[in-house]
Amino acid sequence: MTTRQPPTPAAFDHRMAVFDTDDGFVAAALPFLGEGLAAPGEPPPVAIADPRNLDLLRDALGGDAKDVTCIPHTDWYTGSAANAVAQAASYLTAHAGPGGRIHLLMEPVWSGRAGRSARETTEWIRYEALANLLFAPMATTALCAYDTRTAGPAVVAAARRAHPGTDVYQDPVRLAAELDAAPLPLPPGGAQPLPEPYAAAVQGWAEARGLPAADAELFATAVAETADALAPLDGTALLWGEAPACVCELRSARPVGDPLAGFVPPPPTGPEPGPGLWYARQVCAYVDIRDDAAGATVRLQYA
């Protein structure tokens, strides 16, 4: 939980394309995928996009389509921003070339049944910003595709601040801090104190609030892992909400101090500590962290 400094310039190439027509998407995607196809010794490029856009790409690629891996974006972006980090890290480990070399065309989900709320959008912009730190050691080339017909001008404007090639790019640590500058709403008056042991107490409470037993166990484990990661706590812990939006707030006696806390996968083997905030971010829809002079407040919301 030490403060993480921005890395020195590294191999990760994080680009952005903005378009408002089908032809605009193809015009941005084709040269990028062609660049990947021509890269010596690099695995086939990957297009993660709306299925309709994937069809456009296949038609435009012609015979080269067989050499491009196409993945519907609803199969890739299946949960939170932290889930997308895990998906990308896993894919790079399994499929990228030496040093993470691969071209990824990535179109987030912004509309339809899986559309993003204002709060979700904030988390995705955080993901875009922190990607510059998370994947800095990798020789990966990513092109993030933004369709103004679905993402909208406000989302595009925010995303431009997270991409190094734009004229409004912001340091990712500063942008993440800006996103966390807004104070959290106060807990409701009916919030209940959380007794120890946390895991058992949270599971029983969550089941009583309507979470299925398996979900309640996941949420309880996320709270317990977070408590371990934040230790020492100052004794303040609260529960509120109804299924599925069950909420737990913990108070640490020290700041977290790291914008990547919970976004970096823990080592696969090794001694304690456990997965901590990484597990919480994988399980919970939202993990809000607010540092202050006296420590940190961490709020977990299951869904």
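In this predicted model, the sulfur atom of Cys 246 has its closest cysteine sulfur in Cys 284, at 10 Å, which is too far for a bond. A disulfide is a covalent bond between the sulfur atoms of two cysteines. To count as one here, the two sulfur atoms would have to lie within 2.5 Å of each other. Cys 284, for its part, has its closest cysteine sulfur in Cys 248, at 9.0 Å, and that distance is likewise too far for a bond. When the whole structure is searched, zero disulfides are found.

Five strands make up an open sheet, arranged in the order E1-E5-E4-E2-E3 with parallel pairing. Strand E1 (13–19) and strand E3 (69–72) stand at the edges, and because each has a single partner strand, one side of each is left without a neighbour in the sheet. From one strand to the next, the twist averages 15°. Strands of a sheet pair through backbone hydrogen bonds, either parallel or antiparallel.

The pairings can now be followed one by one. E1 is joined to E5 in the parallel sense over seven bridges, and within this pairing Asp 13 has Thr 141 of E5 as its bridge partner. Strand E5 (residues 140–147) also runs parallel to E4, to which five bridges join it, with Met 106 standing opposite Cys 144 in E5. Strand E2 (residues 46–49) pairs with E4 over three bridges, again in the parallel sense, and here Ala 47 stands opposite Leu 105 in E4.

How many residues of strand E4 (residues 102–106) are buried? Five of the five are, so the strand is largely enclosed by the rest of the structure. In a regular strand the side chains alternate between the two faces of the sheet. In E4, Ile 102, Leu 104 and Met 106 point one way while His 103 and Leu 105 point the other way, and all of them are buried. Helix H1 (residues 22–38) lies across E1, E2, E4 and E5, and runs at about 165° to E4.

A last stop is Ala 231, which is placed in the loop between helix H9 (213–230) and strand E7 (233–240). With a relative accessibility of 38%, Ala 231 counts as partly exposed. Between Ala 231 and Glu 178 there are 25 Å in space, taken from C-alpha to C-alpha, and the two are 53 residues apart in sequence.

Methods
Residues are numbered from 1 along each chain as its sequence is written. This is a predicted model: local features need pLDDT of at least 70, side-chain atom pairs count only at pLDDT 80 or more; totals for chains, interfaces and linings use all residues. Side-chain values use heavy atoms; hydrogens and water are left out. Buried means under 20% relative accessible area, exposed over 50%, partly exposed in between (1.4 Å probe, protein chains only). Helices (H or I, at least four residues) and strands (E, at least two) are DSSP runs, numbered from the N terminus. Two strands pair if DSSP finds at least two bridges between them. Axes are lines fitted to C-alpha atoms, for helices over the stretch in contact, and angles run from 0 to 180 degrees between N-to-C directions. Contact means heavy atoms within 4.5 Å.
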